[in-house]
Amino acid sequence: MRKPLIAGNWKMYKTPRESLAFLEKFLPLVEGHTRDEIALFPTMSSLGYVLEATEGTNVRAGAQTMHWLNEGPYTGQTSPTMLASINCTHVLLGHSERRIYANETDDMVNWKLKAAIGHNLVPIVCVGETMDKRQSGLTEAVLRWQIANALNGVEREGSEKLIIAYEPVWAIGTGSTATPTVVSEAHRIIRREVAERLGQERADATRIIYGGSVKPENASQLMAQPEIDGALVGGGSLDAETFARIVKYS
Ligand code: PEP
């Protein structure tokens, strides 16, 4: 059984004060909700506050990115050791906005994934094709390439916590959600590739979640698909009531 994960990616929104105000409303709305795992990904400046405020609740918190090394002269970066030291449990890796605006490569995603595994963090590796690639019939090739590169040298043992987020670039922040059929097909491609790299058993146990304009209105239809093990939500996670409605999708 793959327990669904509903995760909110706050991107570069919310000061610590705004993050805590969100939690004040959100935590009571999802109190006792155990069907799905719930996680929030605030900015680095809010992460410590959110971790503290969610301690002992059913809501986890993670970082939106990290470096792969433990320390060094890398201005602006945060290391896996530093995340683990503040009891951060989850980390997003290779989000398309990082790939586009911070030039994150498949190699870097691979190094980060190995570092996350080494620090016992739950890694959520984001993959997805652009509209250009989809229209050129290259969706499968892109997804297989991204997964193969991310998992290069990753062993079956240690990859138990791996989560993959399928986030078609054309659906992120655009309001245009991929249909359940399109998402299911992409998730099957991803699962096949994970099976080739880590074996069928690990692939069957790996959660593959969908991200791209998930809203309260489309969450239940998406989550009804057996191939969809959760959602990574950007815009729809910024308002406490809206995100709680997504968490309680049915
Ligand atoms: C995201 O940033 O991961 C995302 C899916 O954004 P949105 O829900 O706004 O499309």
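This is a predicted model: local features need pLDDT of at least 70, side-chain atom pairs count only at pLDDT 80 or more; totals for chains, interfaces and linings use all residues.
1. UniProt, in an unreviewed entry, places the feature "active site" at His95 and Glu167. These positions are spread over 73 residues of sequence, yet they cluster in space, with a largest C-alpha distance of 8.3 Å.

2. **Histidine 95.** You will find His95 in the loop between strand 4 (90-93) and helix 4 (96-101). Is histidine 95 buried or exposed? Histidine 95 has 28 C-beta neighbours inside 10 Å, so it counts as buried; the cut-off for that label is 20 or more. Setting aside residues up to four places away in sequence, histidine 95 touches Gln64 and Cys126.

3. Glutamate 167 is buried because 25 other C-beta atoms lie within 10 Å. Which residues does glutamate 167 contact, leaving aside its neighbours within four places in sequence? They are Ser96, Cys126, Gly128, Ile172, Gly211, Gly212 and Leu232. Cys126 is worth a look on screen: histidine 95 touches Cys126, and glutamate 167 is in contact with Cys126 too.

4. With 27 other C-beta atoms within 10 Å, asparagine 9 is buried. Leaving aside neighbours within four places in sequence, asparagine 9 is in contact with Phe41, Gln64, Leu92, Leu232, Val233, Gly234 and Ser237.

5. **Glycine 234.** Where is glycine 234 found? Its place is the loop between strand 8 (230-233) and helix 11. Glycine 234 has 22 other C-beta atoms within 10 Å, so it is buried. Not counting residues up to four places away in sequence, glycine 234 touches Asn9, Lys11, Ile172 and Gly173.

6. **Tyrosine 249.** Now to the segment after helix 11 (240-247), where tyrosine 249 is found. Why does tyrosine 249 count as partly exposed? It has 19 C-beta neighbours inside 10 Å, and the buried label needs 20 or more. Leaving out residues up to four places away in sequence, tyrosine 249 touches Ala219, Ser220 and Met223. From C-alpha to C-alpha, tyrosine 249 and serine 45 are 30 Å apart in space, and 204 residues separate them in sequence.

7. **Helix 1 with helix 2.** Serine 45 turns up again here, as one of the helix 2 residues that meet helix 1. The axes of helix 1 (residues 16-30) and helix 2 (residues 44-54) come within 9 Å and cross at roughly 30°. Angles under 35 degrees count as roughly parallel, and these two helices are therefore roughly parallel to each other. Their crossing is right-handed. On the helix 1 side the contact uses Pro16, Ser19, Leu20 and Leu23, which meet Ser45, Ser46, Tyr49, Val50, Ala53 and Thr54 of helix 2. By residue type, the contact divides into 6 nonpolar, 4 polar and no charged.

8. **Helix 5 with helix 7.** Helix 5 (residues 106-118) packs with helix 7 at an angle of about 45°, and their axes are 8 Å apart. The two helices are therefore oblique to each other. Asp106, Val109, Asn110 and Leu113 of helix 5 make the contact with Gln146, Asn149 and Ala150 of helix 7. These residues divide into 3 nonpolar, 3 polar and 1 charged.

9. **Helix 7 with helix 8.** Helix 7 (residues 139-150) also packs with helix 8 (residues 180-198), at about 40° and with axes 9 Å apart. The crossing is right-handed. Thr139, Glu140, Leu143, Arg144, Ile147 and Ala148 in helix 7 face Ala186, Ile189, Ile190, Glu193, Val194 and Arg197 in helix 8 across the contact. This set divides into 7 nonpolar, 1 polar and 4 charged.

How values were computed: Residues are numbered from 1 along each chain as its sequence is written. Axes are lines fitted to C-alpha atoms, for helices over the stretch in contact, and angles run from 0 to 180 degrees between N-to-C directions. Helices (H or I, at least four residues) and strands (E, at least two) are DSSP runs, numbered from the N terminus. A crossing is left-handed if the near helix is turned anticlockwise from the far one by less than a right angle, and right-handed if clockwise. Two residues are in contact if their C-beta atoms, placed from the backbone, lie within 7 Å. Ala, Val, Leu, Ile, Met, Phe, Trp, Tyr, Cys and Pro count as nonpolar, Asp, Glu, Lys and Arg as charged, and the others, Gly among them, as polar. UniProt positions are given in the numbering used here, feature names are shortened, and annotations may be inferred rather than shown by experiment. A residue is buried if 20 or more other C-beta atoms lie within 10 Å of its own, exposed if 12 or fewer, and partly exposed in between; C-beta atoms are placed from the backbone. Angles under 35 degrees count as roughly parallel, over 145 as roughly antiparallel, 65 to 115 as roughly perpendicular and the rest as oblique.
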